[in-house]
Amino acid sequence: MPTETQPSPPHWCVLGRTPDGVFAAAHVSASGEPGAPVSIEEGTLAAFVAQHEADHSPRWVWWSTAQVYPELLAAGVRVARCHDLMLSHQILRNSEHVRGRQPLIAAAHWAEPAALADTHEVPASLPEPALFDLDRAPAARDHRDTLAEALAEFGRQRAAVDSSSAAGRLSLLLAAESAGALIAAELSAAGLPWDTAEHNRILIETLGPRPASAAEKPARMLAMAAQVREALGDPLASLDSPPKLLRALRAAGIAVESTSQWELYEHEHPAIAPLLAYKKLSRLLTANGWAWLDEWVRDGRYRPVYVPGGVVTGRWASNGGGALQLPRLLRRALRADPGWVLVSADVSQLEPRVLAAMSGDRAMAAAGRGSDLYAGLVAGGVVDTREEAKFAMLGAMYGATSGDSGRLVPQLRRGFPAAMRLVDDAAAAGERGGTVTTWLGRSSPPPDAEWNNVQAAASLPGASRRDEDAARRSARERGRFTRNFVVQGTAAEWALAWLAEIRGKLTDFAPVPAAREAPASGTVFARVPHLAFFLHDEVIVHSPAEHADAVALVVEEAAATAGRRLFGGAPVDFRLELSVGERAEKP
DNA sequence: TAAAGAGGCGCG
DNA sequence: AAAGCGCGCCTCTTTA
């Protein structure tokens, strides 16, 4: 700890705009004292940031990483750490650990536009993109990005954390969330190395040659469609319109309620197999076909848009490019540049392990030690087969009450009472209309007005059976949501800590010679190992081949570090499936 | 004619 | 394949 006689190092550097739209910065010392604002000449922001980053690497405090950081990266400037005011605001104003939430809630203009729309404080017709448009005239720009507002909000957030009952955990969460925002921007900047030729080959092999126009269907789809129509005895049957398809199926004597594949599987009819095949092909064509390739892959890089904190549980969402839905069929198209490799890792059974750690369930932790957790459940005699173990765990975390999954939950409850109590308590809180909170302090939203109305209606004297059923049903639904929230949300926190740790360690690698660079990764990443993909519990690092083993070690050690950061000495292993190679496809 | 909703399916 | 959480995106249909 620095003594009073030592000058406080400028821990934070708050960035915002002056009223006339020019960037300005103010240092804030460890004690919270802001220094005098320094204005930054037009067009010199990147140089300013680079200089300060080299001098003392402050934690940059800014309104929105997504707003500021892409431009810095494009200018070749990386930052080590930041505090994203927007993301932090969302966490703090909802967190049950924060006692003094009122100042944050009162600063309603800091909320996301979507959240404002929910409370009808903003007309639904408000053009949302305008709020994020840097190119607008300064006068019309949102006032949230002024330096004065940033300093005020930063002060509110520090006070909120200091007053909370879990300052250490919340600080860790805000740091991890902000690191995630940096990483999301860096992932888009670096891109995922994509083998367009291989993707095209897969499309041709699966669908047939690319039709001359998008209006035409590929040959294999036409062939499947012909088989379906033949089998249905209906040469004009429409396969692309669910209502029409449903009528055609019924007319052919197939008694289905919907056209979804899980229901079609139940029926024996010569039309079923080609119809399911047609649906698969159609999905590939529309979601990740040639149009997707043309739109999303440039210069050998797929650059999706990630949205950190975009999911209510804290998981990332994506907005454009469908990064979180890449079909496994296309994994072969992920391919490192020549002389580089992809280091791919995914966490085995992340959510059950997180549940074991947060509940302190020693038996469940033991089941996951040194091996596959599901195999551990079998070895421990809780269930008979690995498949049963998997379904039982999913049922426990999602709140299954029926089916094979629900049937196995009681066995889990006997074997792992502590873990099950944690999720059962979370479900009970949700059913009562309460909120639940993740390990680091992200709280679930309270029930909306509609939910409260339904519950209230059922407890009125004249409530009908229908009212009561509706209330019970929506209570149970909410219980399943809060049950899953604590596990999914804490797993997302673990994953952020893992990512942040990997990112930090990757900066230690020396750049490879210019002759070996991967220019499509952008100036910042062309010569160093960098994160290239993230998907909830899975990362891919694009690395010069000679660093592959060291990078793999970094990824592995980061998992252990993340476990310690969150859970201290909890005896839970976070095991990875690691692979290193030119392609990311699993063996 | 554009927006909103529903159905369906990809991912974890 | 399993019914049970969280998403995004595409298509077709209904609604304003």
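In this predicted model, an N or O atom in the side chain of Arg480 lies 2.6 Å from a phosphate oxygen of DNA strand C. A base nitrogen of DNA strand C is reached by Arg283, with a polar side-chain atom at 3.5 Å.

In total, 30 residues surround DNA strand C. A residue is near the strand if one of its heavy atoms lies within 4 Å of it. Ser241, Trp262, Gly320, Gln325 and Arg480 are the closest. Of the DNA atoms that come within 4 Å of the protein, 70% belong to sugar and phosphate. Helix α22 (465-506) supplies four residues of this surface, the largest share.

Strand β13 (residues 538-544) is largely enclosed by the rest of the structure, because seven of its seven residues are buried (under 20% relative accessible area, 1.4 Å probe, protein chains only). Glu538, Ile540, His542 and Pro544 point one way, and Val539, Val541 and Ser543 the other. Strand β11 (residues 340-347) pairs with β13 in the antiparallel sense over seven bridges; pairing requires at least two DSSP bridges. Trp340 stands opposite Pro544. Strand β12 (residues 530-534) is also antiparallel to β13, with four bridges. Phe534 has Val539 as its bridge partner. Three residues separate β12 and β13 in their hairpin, where His536 takes a positive phi near 65 degrees. Helices (H or I, at least four residues) and strands (E, at least two) are DSSP runs, numbered from the N terminus.

Residues are numbered from 1 along each chain as its sequence is written, chains are lettered from A and ligands numbered from 1 in the order written, and side-chain values use heavy atoms, without hydrogens and water. Local features need pLDDT of at least 70 and side-chain atom pairs pLDDT 80 or more, while totals for chains, interfaces and linings use all residues.

Terms used: A polar contact is a pair of N or O atoms within 3.5 Å; within protein, one must be able to donate a hydrogen and the other to accept it, and residues adjacent in sequence count only if both atoms are side-chain atoms. Buried means under 20% relative accessible area, exposed over 50%, partly exposed in between (1.4 Å probe, protein chains only).
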